[in-house]
Amino acid sequence: YYASPKEVLARCLTFLGLDAPMSKAGWVPLLKPLVELAGSRPIGGTPALMDAIKVLLIEFYSPGLRQLVGLLQDEPDAAEWRTWAGNMSPER
């Protein structure tokens, strides 16, 4: 997302059945919101994640990610979802 936010947001909007903004001014609220939400990238980058916490997060999110990959397997960008989810096999 951070490498090409406009492209990713456009794909998300299309997936949701919404039209992407047609002008630069229309993109401003999406790309530079007035309110920062939790999860915004901190100045200086994200701090390193401890290995133990990474393992717990993977264990916790894996079932949902497998299900999501299964739901999106027919989408044109399904390979990207599998890569993002660690090449997980879809759960059926």
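Author: A salt bridge is a side-chain nitrogen of Lys or Arg within 4 Å of a carboxyl oxygen of Asp or Glu. The model discussed here is predicted, and it holds 2 salt bridges.

Reader: Why are the side chains of E7 and R11 said to meet in a salt bridge?

Author: The cut-off is 4 Å between nitrogen and carboxyl oxygen. For E7 and R11 the N to O distance is 4.0 Å.

Reader: How are E7 and R11 placed in helix α1?

Author: Helix α1 covers residues 5-15, and E7 and R11 stand 4 residues apart in it, which means a separation of about one helical turn.

Reader: What makes D77 and R11 a salt bridge?

Author: Their side chains meet at 2.6 Å, N to O. The limit is 4 Å, so the pair qualifies. This pair links distant parts of the chain: R11 belongs to helix α1, whereas D77 lies in the loop between α3 and α4 (78-84), and 66 residues separate them. Through shared partners, salt bridges join E7, R11 and D77 into one network.

Reader: Are E7 and R11 buried, exposed or partly exposed?

Author: Buried means under 20% relative accessible area and exposed means over 50%, with partly exposed in between. E7 has a relative accessibility of 49% and R11 has 32%. Both values fall between the two limits, so E7 and R11 are each partly exposed.

Reader: How do you know whether G70 is buried or exposed?

Author: The relative accessible area of G70 is 17%. Buried requires a value under 20%, so G70 is buried. G70 is found in helix α3. From G70 to W81 the C-alpha to C-alpha distance is 9.7 Å, and the two are 11 residues apart in sequence. Across the chain of 92 residues, buried residues make up 13%.

Reader: What kind of aromatic pair do F60 and Y61 form, and how do you know?

Author: Aromatic rings pair if their centres lie within 6.5 Å, and planes over 60 degrees apart count as edge-to-face. By this rule the count is 1 aromatic pair. The ring centres of F60 and Y61 are 4.9 Å apart and their planes stand at 90°, so the pair is edge-to-face. F60 has a relative accessible area of 62% and is therefore exposed, while Y61, at 48%, is partly exposed.

Reader: What makes L49 a member of a nonpolar patch on the surface?

Author: Patch residues need over 30% relative accessible area and no salt bridge, and nonpolar side chains are joined within 5 Å. L49 has 47% relative accessibility, so the accessibility condition is met. L49 is located in the loop between α2 (24-31) and α3 (51-71). The patch consists of L49, M50, I53, L57, F60 and Y61, with about 630 Å² of accessible area together.

Reader: Which pattern does the chain follow along the sequence?

Author: The pattern reads α-α-α-α, and the chain has 4 helices and 0 strands. Of the contacts between residues at least 6 apart in sequence, 30% join residues at least 24 apart.

Definitions and conventions: Residues numbered from 1 in each chain as written. Predicted model: local features only at pLDDT ≥ 70, side-chain atom pairs only at ≥ 80, totals over all residues. Heavy atoms only, no water. Phe/Tyr/Trp six-rings, centres within 6.5 Å; stacked < 30°, edge-to-face > 60°. Buried < 20%, exposed > 50% of the residue type's maximum accessible area, 1.4 Å probe, protein only. Patch = residues over 30% accessible without salt bridge, like charges linked within 9 Å, V, L, I, M, F, W, Y side chains within 5 Å. Areas by Shrake-Rupley, 256 points an atom, 1.4 Å probe, with all protein chains shown as cover. Helix = DSSP H or I, 4+ residues; strand = E, 2+ residues; numbered from the N terminus. Contact = heavy atoms within 4.5 Å.
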